[in-house]
Amino acid sequence: MERSRRKPLAGLVAYDYYLRGISEIHKFEREANVCALSNLYRAIELDPEFAPAYGQAARCYAQRRGSGWVAQREQDVAETTRLARRAVELGKYDAVALCTAGFALADVADQVEEGDAYLD
């Protein structure tokens, strides 16, 4: 309780957007994926050091690819790679950041060996 009282408000608001994003991802619908990504980008905007938000945003792109919702493949691959690498950079010891980044790199960016290493 004491730690949560000291937590900056922006961090708590970012976490709320993060949770909303995760909720939308699990609907496995195109519109929900767009909403999830919007929430996750907002979480990142509020807390640029929030590694799991980057990983979950990369996961949104993996879901798009797997569901056939990709409109601009090259842009999606570039953004997935950027998000995943940032998740790894910030979350070296965060299982959620590493797992989601690894999956996205392997699935979307076709960087299977690197993605597999993060999944491990």
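Predicted model: local features only at pLDDT ≥ 70, side-chain atom pairs only at ≥ 80, totals over all residues.
Local features are reported at a pLDDT of at least 70 and side-chain atom pairs only at pLDDT 80 or more, whereas totals for chains, interfaces and linings use all residues. Residues are numbered from 1 along each chain as its sequence is written, and side-chain values use heavy atoms, with hydrogens and water left out.

The chain contains seven helices and zero strands, where helices (H or I, at least four residues) and strands (E, at least two) are DSSP runs numbered from the N terminus. The radius of gyration, taken over C-alpha atoms, is 14 Å, which agrees with the value near 14 Å for a compact globule of 120 residues; the globule rule is 2.2 Å times the number of residues to the power 0.38. Of the 120 residues, 42% count as buried, a term that means under 20% relative accessible area, while exposed means over 50% and partly exposed lies in between (1.4 Å probe, protein chains only).

The largest nonpolar core, which is a set of buried Ala, Val, Leu, Ile, Met, Phe, Trp, Tyr and Cys residues joined through side-chain atoms within 4.5 Å, has 30 residues, and those with the most contacts inside it are Tyr18 and Leu83. At least two residues of this core are supplied by each of α2 (9-25), α3 (30-46), α4 (51-67), α5 (73-90) and α6 (95-107), and the largest share, eight residues, comes from α4. When residues up to four places away in sequence are not counted, Leu83 is in contact (heavy atoms within 4.5 Å) with Tyr41, Ile44, Tyr54, Ala57, Ala58 and Tyr61.

Helix α3 has 17 residues and reaches 25 Å from its first C-alpha to its last, close to the 24 Å expected at 1.5 Å a residue, the expected span being 1.5 Å times one less than the number of residues. Its buried residues are Ala32, Asn33, Ala36, Leu37, Asn39, Leu40, Ala43 and Ile44. These residues lie on the same side of α3 because they cover an arc of only 165° around the axis, as given by the directions from the helix axis to the C-beta atoms. The exposed residues Glu31 and Glu45 are carried on the face of α3 turned away from its buried side.

Most residues other than glycine have a negative phi. Asp110, in the loop between α6 and α7 (112-119), has a positive phi near 60° and counts as exposed at 58% relative accessibility.
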